[in-house]
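Biologist: Thanks for sitting down with me. Could you walk me through this one, a question at a time?

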There are 2 protein chains.
Amino acid sequence: MSTHRPTRTLFLSTRHLVRLVQRKGLSACLSGVADRIEAGYRRWHEFDKSARVACHSGVGVIELMPIADASQFAFKYVNGHPGNPARGLPTVMAFGVLADVDTGTPRLLSELTLTTAIRTAAMSALAARVLARPGSRSMALIGNGAQSEFQALAFCEIVGIRELRLFDTDPAASAKLAANLAGQGLHVRICRSTAEAVRGADIVTTVTADKTNATILTPELIEPGMHINAVGGDCPGKTELHPGVLQAAAVFVEYEPQTRIEGDIQQMPADFPVTEFWRVLDGSAAGRSGAGQVTVFDSVGFALEDYAALTFMRDTAAELGIGEMIELVPQAADPKNLYGLLRDEPVAAAREPALA
Amino acid sequence: MSTHRPTRTLFLSTRHLVRLVQRKGLSACLSGVADRIEAGYRRWHEFDKSARVACHSGVGVIELMPIADASQFAFKYVNGHPGNPARGLPTVMAFGVLADVDTGTPRLLSELTLTTAIRTAAMSALAARVLARPGSRSMALIGNGAQSEFQALAFCEIVGIRELRLFDTDPAASAKLAANLAGQGLHVRICRSTAEAVRGADIVTTVTADKTNATILTPELIEPGMHINAVGGDCPGKTELHPGVLQAAAVFVEYEPQTRIEGDIQQMPADFPVTEFWRVLDGSAAGRSGAGQVTVFDSVGFALEDYAALTFMRDTAAELGIGEMIELVPQAADPKNLYGLLRDEPVAAAREPALA
């Protein structure tokens, strides 16, 4: 007889993830995920990378983002529907899976809506720690929506940002962000314009939501030595930077083939020079050339970051005893007798007891 | 304030699916899924189709198969690892999701291991009902592994097959199949060779598992008017039919770009003529030309069939009250305040009560 290998899958719902982040601490999650992302980018060549698969409709997009190394296959399901908030739904919802490459067994099914906000902010802050001027303490945060708290706290934890200048075309969004950040050791100021927020900042983060070719940052706003963290320009037809800002800067990207299509550089010629971030980490390309250079991290979100976040959440869930086991694939005693499931399977309790 | 739309996802585990099939009846599930598949192929042009995304390793493959129409997005995760049974695991494991195109909300997460066996058999039998000679009553079943019971019962239910001749290089597999089929109104005979099983059969189904370019059927075995249902030749390097069998037959496929890569026709020149099955259904192409023609359905499995099976399982689960609701994406009261989840979410029971 064949051996009975356990093939149950750990499930982390949004509530499990909330509990995990509450117990581990958001700052610890942000820095833990940043460490996993950095470790992933340092072994760039071990990953089987592909561009995402996108299904576009008139009102949004649904995407699958797969990636694998020799041990684990990961994918993320993620949508983008700008009209969702008006219907009481998040613009972006996501979940993902980790599976064993050697058998195909799914090991983890996890929510990735909250986790994506954490990994995006962790990636932004990691890039800034490498690319921004040492000693950067002030950041302008343009766009104060669902991602903004995570960006603020990641830059506080990972880069050492202590002063934030907020701007959003919706003052209620800035007020919500300021209220959420109260009492966390950050000096926060709400500004009346992008120009006011940007003036004198060490780092400028743009994380606006409109699905248009917007011009949030124009060349005259940019000061020597600034680092620009461009998060919101992340799909075809959605950009935030004036081409002149890119032209005058050193531009860093996650995975060039994807960013050429989705990033702010979609506005630039195909031969516009960019540097993949992993090259700066491994020393094969230069980062910032000096204190006066303007650097841009043209972030779109890459599957390697979801892989890193999924492994962090899996390990942290195990450490804290959070999550529950579900039966996503059969526990067949004899894998060659699938039909036997219909006869032998006890029709009893549908679920395993929860871990927590 | 935004309205609070429910965004919970119905989860059907393997145990739920077993209960669903036991209560609905396997024959009713096979014919119900076949009806959904036929309805899907009849509106072929409404689907956004793409080839599967595959991640190959030395020991197997993990694939994502997406498809969408104007209303629903579906994808299947599926692996293929021929060495798994020796480790006590199924060769193929699968699960899938249905989501709303208009918002990206995932509505159903379901096991698809058992369901894939059902949908593959339903597709085979549907194709045979259209392509085989009317009045076909006998079938040779070559390869008696995990898929074979489902093929046998689908052809009994949907095509009217009453006599089965079994052959497998492993006699234990044939004995297992015969035992599983006992008492279901089928006349079953275990044969000592493929030739013995095929001789005089109306339909020949090949559903062998070896990942090689095998030659299960050679031209001298084929008799005028036979319909060949070639299920096992379904990925690069895995075929079952001698090229001469294909050369002498009218060959029908699910989705030509995919079958050229994965099907038995991978052995044939790129201009080898094939007919997509949906064209026979809508009358834009001929099916069988006469009683003496040999027809081949070169089946590889297409995402539209998983879409059809997922919708059938979703509706049947609702009818029978089977499944449970899980929180795969946030139930945020304010979708623009994702961070608020970490403060407001009550850390209470992780799960909704099960439906059944």
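Modeller: Happy to. Keep in mind that this is a predicted model. Chain A can be laid on chain B by a turn of 180° and a shift of 0.0 Å along the axis, with an RMSD of 0.0 Å.

Biologist: What kind of axis relates the two copies, then?

Modeller: The turn is 180°, and the shift along the axis is 0.0 Å. The two copies are thus related as by a two-fold rotation axis.

Biologist: And what share of the contact residues of chain A recur in chain B?

Modeller: The contact takes 77 residues from chain A and 77 residues from chain B. The same surface serves both copies, and the share of chain A contact residues that recur in chain B is 100%.

Biologist: Which helix of chain A gives the most to the side that touches chain B?

Modeller: On chain A, the side that touches chain B divides into 40 nonpolar, 23 polar and 14 charged residues. Seven residues of that side come from the helix that gives the most, spanning residues 14-24: helix H1 of chain A.

Biologist: Good to know. What ipTM does the predictor give the complex, and which stretch of chain A has a pLDDT below 50?

Modeller: For the complex, the predictor gives a pTM of 0.90 and an ipTM of 0.88. Chain A has a mean pLDDT of 91, with 94% of its residues at 70 or more. Where pLDDT is low, the predicted coordinates should not be read in detail. The stretch of chain A below 50, with 22 contacts in the model beyond near neighbours in sequence, is residues 345-356.

Biologist: Let's move to chain B. Is Thr7(B) buried or exposed?

Modeller: Thr7(B) is found in the segment before strand E1 (9-12) of chain B. Leaving aside neighbours within four places in sequence, Thr7(B) is in contact with Thr105(B), Val329(B), Gln331(B) and, from the other chain, Leu89(A). A residue counts as buried if 20 or more other C-beta atoms lie within 10 Å of its own. Thr7(B) has 24 such atoms within 10 Å, so Thr7(B) is buried.

Biologist: Why is strand E7 of chain B described as largely enclosed?

Modeller: E7(B) runs parallel to E1(B), joined by three bridges, and pairs with strand E6 (residues 94-100) of chain B in the antiparallel sense over five bridges. As for the reason, E7(B) covers residues 106-111, and it is largely enclosed by the rest of the structure because five of its six residues are buried.

Biologist: Which residues of E7(B) are the bridge partners of Phe11(B) and Leu98(B)?

Modeller: In the hairpin of E6(B) and E7(B), five residues lie between the strands, and Gly104(B) takes a positive phi near 80°. The bridge partner of Phe11(B) is Leu109(B), and that of Leu98(B) is Leu108(B).

Biologist: Which strands stand at the edges of the open sheet of eight strands in chain B?

Modeller: The order is E10-E9-E8-E11-E13-E17-E15-E16, with parallel pairing. Each edge strand has a single partner strand, so one side of each is left without a neighbour in the sheet. The edge strands are E10 (187-190) and E16 (275-276) of chain B.

Biologist: Last one: at about what angle does helix H4 of chain B run to E8(B)?

Modeller: Strands E8 (residues 138-142) and E9 (residues 163-167) of chain B pair in the parallel sense over five bridges, and Met139(B) stands opposite Leu164(B) in E9(B). Helix H4 (residues 148-159) of chain B lies across E8, E9 and strand E11 (203-206) of chain B. The angle that H4 makes to E8(B) is about 170°.

Technical notes
Residues numbered from 1 in each chain as written. Chains lettered and ligands numbered in written order. Predicted model: local features only at pLDDT ≥ 70, side-chain atom pairs only at ≥ 80, totals over all residues. Contact = placed C-beta atoms within 7 Å. Helix = DSSP H or I, 4+ residues; strand = E, 2+ residues; numbered from the N terminus. Nonpolar A, V, L, I, M, F, W, Y, C, P; charged D, E, K, R; others polar. pLDDT = per-residue confidence, 0-100. Buried ≥ 20, exposed ≤ 12 C-beta atoms within 10 Å, placed from the backbone. Pairing = 2+ DSSP bridges. Axes fitted to C-alpha atoms, helices over the stretch in contact; angles between N-to-C directions. Least-squares fit on C-alpha atoms with pLDDT ≥ 70 in both.
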